[in-house]
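Hi,

Here is the structure I promised to pass on. Could you look it over when you have a moment?

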Amino acid sequence: MKELDIDMAWFKRELKGIITTTEEKKEAPDGIWNKCPNCKKPLHYSEQVENQYVCHYCGFHLRIGSKEYFSVLFDNNEFTELFPDLTSGDPLHFEDTKKYVDRLKETQAKTGLKDAIRAAVGKIDGQDIVIACMDFNFIGGSMGSVVGEKIARSIDHSIANKIPFMMISKSGGARMMEAAFSLMQMAKTSAKLALLAQAKVPYISLLTDPTTGGVTASYAMLGDVNIAEPGALIGFAGPRVIKETIKKDLPKGFQTAEFVQEHGFLDFIVDRREMKEKLASFLKMMKN
């Protein structure tokens, strides 16, 4: 009977050592494992870094931010960040479910970013370049006054030093909390890019997933070379809005990078693992 009790105790997990208290449980640290949104297979963080944040099972390009793009593109991940302390104001005293100033503070604390863009100067294969990269984690990568100002100042830096400028776009569009101040950035950045063209300084535009709204309608499509990552969502309005407007079914693959390239809006689609090599080639050709 005693042996039976022990067996039953084991089955019920009542013996010491079988039941683990909550305090003693060890969880895997956050960020160590990720799941590919496409094939659903688990990806270890070290594998993601080694494969430049591309799923090694299906080739799906994971969404990444400026930190990861800088590490992928800049030689030895060495760069000098430009204008790091610019932050948005609240000119309209905007409030929806919460005050805009509170939303900014919360997002800054959560992401460690000042706004939805970072700019830096460094080298790609030994060649100087200024890169401005958007972060989707900051209020959906929305384009506010700081985004426009950082792009404008980065272009000024490129013109002053005759260094090629690269823009990595990843955005849901204009930031509604800044209304007209946000929309003004479309004209502002486009005008600055015109000055860049006059100075004969190359501009490379990289469109990543997703690039939509006012960003697509301005600086994202104005590159001397327009590049996209495979499968990236690129468009102005969303597919649902367009479908409801024109009252027609949309073609298969509508607004993917491949569809956009087929219709003449992109020059190249480049795998992220080959991006640095391709950019280095472009920079050498443009320099000569």
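Predicted model: local features only at pLDDT ≥ 70, side-chain atom pairs only at ≥ 80, totals over all residues.

Residues are numbered from 1 along each chain as its sequence is written, and side-chain values use heavy atoms, leaving out hydrogens and water.

Seven strands form an open sheet with mixed pairing, in the order 3-4-5-6-7-8-9. Its edges are strand 3 (79-82) and strand 9 (268-269), each pairing on one side only. Strand 8 (residues 225-228) pairs with strand 9 in the parallel sense over two bridges, and Ile227 stands opposite Phe268.

Helix 6 (residues 179-198) is next. Ser182, Gln185, Thr189, Leu193 and Leu196 are buried in this helix (under 20% relative accessible area, 1.4 Å probe, protein chains only). Their cover includes helix 5, strand 6 and strand 7 (203-211). Just after helix 6, Lys200 has a positive phi of about 60°.

Finally, helix 3 (residues 66-73) packs on helix 10 (residues 272-287) at an angle of about 55°, with the axes 9 Å apart. Tyr69, Val72 and Leu73 of helix 3 make the contact with Arg272, Met275, Lys276 and Leu279 of helix 10 (contact means heavy atoms within 4.5 Å).

Best wishes

Conventions
Pairing = 2+ DSSP bridges. Helix = DSSP H or I, 4+ residues; strand = E, 2+ residues; numbered from the N terminus. Buried < 20%, exposed > 50% of the residue type's maximum accessible area, 1.4 Å probe, protein only. Axes fitted to C-alpha atoms, helices over the stretch in contact; angles between N-to-C directions.
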